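Subject: Structure handover

Hello,

Here is the structure to look over. My notes follow below it.

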Amino acid sequence: VFPSLAQAQASVANEVYQELGQPSIFLFCPTEYCSSLCSPSPSLSCYLQTIGQELLPGIGVIWTGPKVVSQELSAVLLEEVEAVLRRRPLIWDNLYANDYDCRRVFLGPYMGRAPGLMSRLHGLLLNPNCELQANFIPIHTLGTWFRSELGSCAHPDHAGMEAVAALGDSQGVQDRSYSPEEALELALRDWVAEINQQALEPGR
């Protein structure tokens, strides 16, 4: 029926999106969801070009970065992806994901993401460790990173930014750039306080 996989996927996604009344949040994960899966590159991928052309503009597209698990995200790469998809990507961040190797647990600070990245994004989802308790530092430092990004975001009218800005203002957004080391120190301090509090609870 369809001349390509991309056209088939876009057609089905568009129909579902319209049938649901075009909800404000509707996400599509492409088959080529990172640079390493694109042939020969994101900007030259026939698949992504078709997705960008055919997918309705209200549908968000998920992207993981250069790789499935990306150690770094740059503004240059996101600009390339935005151009071919004709919309800002939504990052599905696998930095802490350990479902592919549960012998490893990632406890370091959120890092490797270029300053000012939020203005290039439709949104960001964090894929955490499988172990719930191991995600205190990842989520805490992500929050610190995000608050630092609010001050430098070049698009205050970005979808959802108004509500989050109010949260950021109440927590004291800092104008200076994000420091992974300082974020880790803050997270460790709060994590120890949380552990001590839980230890005092009855039945612990």
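**Salt bridges**

Asp93 and Arg113 form a salt bridge, with 2.7 Å between the closest N and O atoms. By salt bridge I mean a side-chain nitrogen of Lys or Arg within 4 Å of a carboxyl oxygen of Asp or Glu. This is a predicted model: local features need pLDDT of at least 70, side-chain atom pairs count only at pLDDT 80 or more, and totals for chains, interfaces and linings use all residues. Residues are numbered from 1 along each chain as its sequence is written, and side-chain values use heavy atoms, with hydrogens and water left out.

The Asp93 pair links distant parts of the chain. Asp93 sits in strand S3 (residues 90-93), and Arg113 in the loop between S3 and strand S4 (123-126), 20 residues apart. Helices (H or I, at least four residues) and strands (E, at least two) are DSSP runs, numbered from the N terminus. Both Asp93 and Arg113 are buried. Buried means under 20% relative accessible area, exposed over 50%, and partly exposed in between (1.4 Å probe, protein chains only).

The structure has 4 salt bridges. Among them is Arg103 with Asp101, closest N and O atoms 3.1 Å apart. Arg103 counts as exposed because its relative accessibility is 77%. Asp101 has 17%, so Asp101 counts as buried. Another of them joins Arg189 to Asp190, at 3.5 Å between the closest N and O atoms. Arg189 is exposed, at 54%. Asp190 is partly exposed, at 30%.

Which side chain of opposite charge is nearest to Glu149? That is Arg120, 10 Å away. Lys and Arg count as positive here, Asp and Glu as negative; His and the chain ends are not counted. Glu149 has no salt bridge, yet is buried. Its relative accessibility is 4%. Glu149 belongs to helix H4. Contact means heavy atoms within 4.5 Å. Leaving aside neighbours within four places in sequence, Glu149 contacts Ala114, Pro115, Gly116, Leu117 and Met118. Ser119 is 30 residues from Glu149 in sequence, and their C-alpha atoms are 8.7 Å apart.

**Helix H6**

H6 covers residues 180-200, 21 residues in total. From first C-alpha to last it reaches 30 Å, close to the expected 30 Å at 1.5 Å a residue. The expected span is 1.5 Å times one less than the number of residues. Pro180, Ala183, Ala187 and Trp191 are buried in H6. Seen down the axis, the buried residues of H6 fall within an arc of 65°, so they line one face of the helix. The arc is taken from the directions from the helix axis to the C-beta atoms. On the other side of H6, the exposed residues are Glu181, Glu185, Arg189, Ala199 and Leu200.

**The nonpolar core**

The largest nonpolar core has 32 residues. Such a core is a set of buried Ala, Val, Leu, Ile, Met, Phe, Trp, Tyr and Cys residues joined through side-chain atoms within 4.5 Å. Two or more residues each come from H1 (5-19), H2 (46-54), S2 (60-63), H3 (75-85) and H4 (136-152). H3 gives the most, with 5 residues. Ile51 and Leu55 have the most contacts inside this core. Not counting residues up to four places away in sequence, Ile51 touches Ala6, Gln9, Ala10, Phe28, Leu85 and Arg87.

Best regards
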